[in-house]
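Student: Could we work through this structure together, one question at a time?
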Amino acid sequence: MRIEKHPILDFDKSKKVKFTFNGQELEGYEGETIQAALHAAGVKVLGKSIKMHRPRGFYCAIGNCSSCFMIVDGVPNVKTCVTDLKEGMVVETQEGKGVIK
Amino acid sequence: MKQAELVIIGGGPAGLCAAVSAASSGAKVLILERNNALGGQLVKQTHMFFGSEKQYASTRGIDIPNILLNELDKYKENVEIMTDCTIVGMFEDGVITVIHKEDKYFKVKPEAVVVATGAFEKSLVFPNNDLPGIYGAGAVQTLMNVHGVKPGDRVLMVGAGNIGLIVSYQLMQAGVKVVGILDAAPQIGGYLVHASKVRRMGVPILTSHTVKEAIGTDCIEKAIVCEVDNKFQPIPGTEQEFDVDVLCISVGLTPLNELLAMRGCEMKFVPQLSGSVPVRNENYETTVENVFAAGDITGVEEASAAMVEGYLAGLCAAAKLGHKSDDFEEKKADYIKQLDSLRAGPVGEKILSGIEQILVK
């Protein structure tokens, strides 16, 4: 799902970052968001809606719409479309409103 | 409480230009940006801009933030920039509350503020419009042009305005198949130069068409499309199916106006300006004294107009605070002239009829 060749842009893919998604080990690159790394790995469903439990993906990718909320390192409601991926992050799909610890 | 003379909310095209203009006039400026980088939506605009040289025409959008930041750097003794700052409130007593890096909370009470929060993407109502794979056009642009990730393999674009046409072209540059572009209107809304470019690459543009339904379990698998009549009602029997994994929604933007509304600025719903916008004077000052607005929050237009509005609002805000440069009148007249020329033409006519409804003398 990554762009291999682009006529205008170069993408910095110098540093790999390892993280887990629902326990599965995945790889992304430094400088990209959690959601972009997941999408590149083929993960489109990021959570379930609160009442109807319908699958949720990203929608706006600029931190406006709340559609990409996930649990990251135990913290719910993280806007994964604007949060940078970091080494060792534990990313999980979110169901419900999330619990404040 | 943090001290600041002029706070600028938003570090996109309007906010950065407001900062350049105000700081060069001598005002002390604090830019508060929600993201971790400046430039707003310019960072994903790989196409070259139109307009005139003053609005960076023939320059790619992605190169404009650095031009503006270099300009800003000339006045760095007057400029403080804070990123990762989400504004949570603007209150009657002038206090602005901010969350920095999601955990530090602080207050700032400036003498004046320019609100340049921009706009956000609208959605479209049809069954299953919430399935993953249905994304805003700007979101698709971010994913491809900022992160280098393809949104999918087969895309149907909804909306033949400039964004829909440009993003379709950019999808093809990224190696993604665009199966078609729909628009409910009977004619293409964007510039014909963009439309011809995608048509030449073999992408059909279906006017008077809309999405009837999306089909899929976990993600979109199919889009059912139909023709609409001149009252935008679906015509039975005209349905066709498209096998797609992405439906890209490009049906316009609407101003991010919450902060101005919260502050008590008089707002008015103006369809020509794409939503609820502040009533303002020609200096881009709202009905609340010393609260200015610039860019898409005052009505959705191109980034070129947002930049000129930013320059104008920053200039006027600084003057209001006592930093009136010798060439103030000259600069102001020039910005107004630039906006007039950007608003020439049929799209501009619509914008101008909108501005008429919110402009107070």
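**Strands and overall form**

Tutor: In this predicted model, A:Val72 stands opposite A:Val75 in strand 6 of chain A.

Student: In which sense do strand 5 and strand 6 of chain A pair?

Tutor: Strands of a sheet pair through backbone hydrogen bonds, either parallel or antiparallel. Strand 5 covers residues 69–72 of chain A, and three bridges link it to strand 6 of chain A. The sense of this pairing is antiparallel.

Student: Which residue takes a positive phi in the hairpin of strand 1 and strand 2 of chain A?

Tutor: Strand 1 (residues 16–21) and strand 2 (residues 24–29) of chain A pair in the antiparallel sense over six bridges; A:Thr20 has A:Glu25 as its bridge partner in strand 2. Two residues lie between the strands of this hairpin. The residue with a positive phi, near 45°, is A:Asn22.

Student: What is the radius of gyration of chain B?

Tutor: The secondary structure of chain B comprises nine helices and 20 strands. For its 361 residues the globule rule gives 21 Å, and the chain is close to that value, so chain B is as compact as a globular protein of that length. The radius of gyration of chain B is 21 Å.

Note on methods: Residues numbered from 1 in each chain as written. Chains lettered and ligands numbered in written order. Predicted model: local features only at pLDDT ≥ 70, side-chain atom pairs only at ≥ 80, totals over all residues. Helix = DSSP H or I, 4+ residues; strand = E, 2+ residues; numbered from the N terminus. Rg over C-alpha atoms; globule rule 2.2 N^0.38 Å. Pairing = 2+ DSSP bridges.
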